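Me: I would like to go through this model by asking what stands behind each term. Please set each value against its definition.

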Amino acid sequence: MMKVGRNDPCPCGSGLKYKKCCLGRERFEIKDAAAAYAEKYRIRIKAKVDVEGIRQAGRLVLEALDLVESQIEPGMATDEINTIVHEYTVKNGGVPAPLNYRGFPKSVCVSVNEVVCHGIPGDRILNAGDIVNVDITTILDGYYADANKTFFVGTPGPDARKIVAVARESLRKGMSMANPGNTIGDIGWAIQTYAEEQGCSVVREFVGHGVGFEFHEPPQIPHFGQKGQGIRLIPGMVFTIEPMINLGQKGLRILDDNWTAVTLDGSLSAQFEQTILVTEEGCLSLTPYELA
């Protein structure tokens, strides 16, 4: 199928722009779309009130990330990050979603250097030159929001700078494809194409996911794939895009704690994540932070 841009001439031949002509008539009515996606894919389309609830939870996530960033330094134990996030979240009326989720023992995931994701905070000490990903999911008034960033500890080396830059840009590339009418495969294709062009690799085992009413909802959002494949995006879909990018090979292994994922070759891994909403105009982040 030929893709028609919003500002392209309408293929019906009216002479109007597509957005002023058939685009509106081709869209689902929101109630019909919500029912169809719930029945076919188990995707729960979010109403305006739900979006605002997720946005408020996202605000708390971002404030906690900013607080961590202001305090992170060499010599800090990863469990200190857990304490910062837990105390700030609870103080402001939130609930740390990871705590006791399927047995996870802490309130936040803290993943250092070769740890891809799901690092359990503990007595590991951060050293100058490390990179550390802090992944926060907060429940506020029944709504979930999820975001993460990878931070430098002290002065980074060239490998650290590269993998963090590629991971950040990978998220931006993925978000640029989260527009109505595009597919989930378009998101993964954009991320994979960019990351591999930079000589890095994309983790396959962990993917983005629907979020809002629950911690993890349909659909899954792979960070690799083929353009034009997968579920078509419609307004009201809320999900995370959270590419995990390795400096070396894409393989990983899970440690004996059954949570911590590390790169198979010991190379650095970085990740950035935002919770996004598909709108009629494009992609809107509900956990917005600068990606430039």
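Me: What makes the second largest pocket, with about 530 Å³ of space, a pocket?
Reply: A pocket is an open set of points on a 1 Å grid over the protein atoms alone, with protein on both sides within 12 Å along at least five of seven lines, whereas a cavity is a set where a 1.4 Å probe fits but cannot get out, and lining residues have an atom within 4 Å of a point. The volume, about 530 Å³ here, is the space filled by probe spheres set on the points, which are joined across faces, edges and corners. Of its 24 lining residues, those closest to the centre are His118, Phe206, Val207, His209 and His216.

Me: How do you know which strand gives the most to the lining of the second largest pocket?
Reply: Strands are DSSP runs of E, at least two residues, numbered from the N terminus, and strand 8 gives the most, with three residues.

Me: Which space is called the largest cavity, and what lines it?
Reply: The search of the whole structure finds one cavity of 30 Å³ or more, and the largest cavity holds about 30 Å³. Its lining includes Ile43, Arg44 and Phe239, and strand 8 has the largest share, three residues.

Me: Why are strand 2 and strand 4 called paired?
Reply: Two strands pair if DSSP finds at least two bridges between them; strand 2 and strand 4 have four, in the antiparallel sense, so the term applies.

Me: How were the model and its numbering treated?
Reply: The model is predicted, with local features needing pLDDT of at least 70 and side-chain atom pairs pLDDT 80 or more, while totals for chains, interfaces and linings use all residues. Residues are numbered from 1 along each chain as its sequence is written, and side-chain values use heavy atoms, leaving out hydrogens and water.
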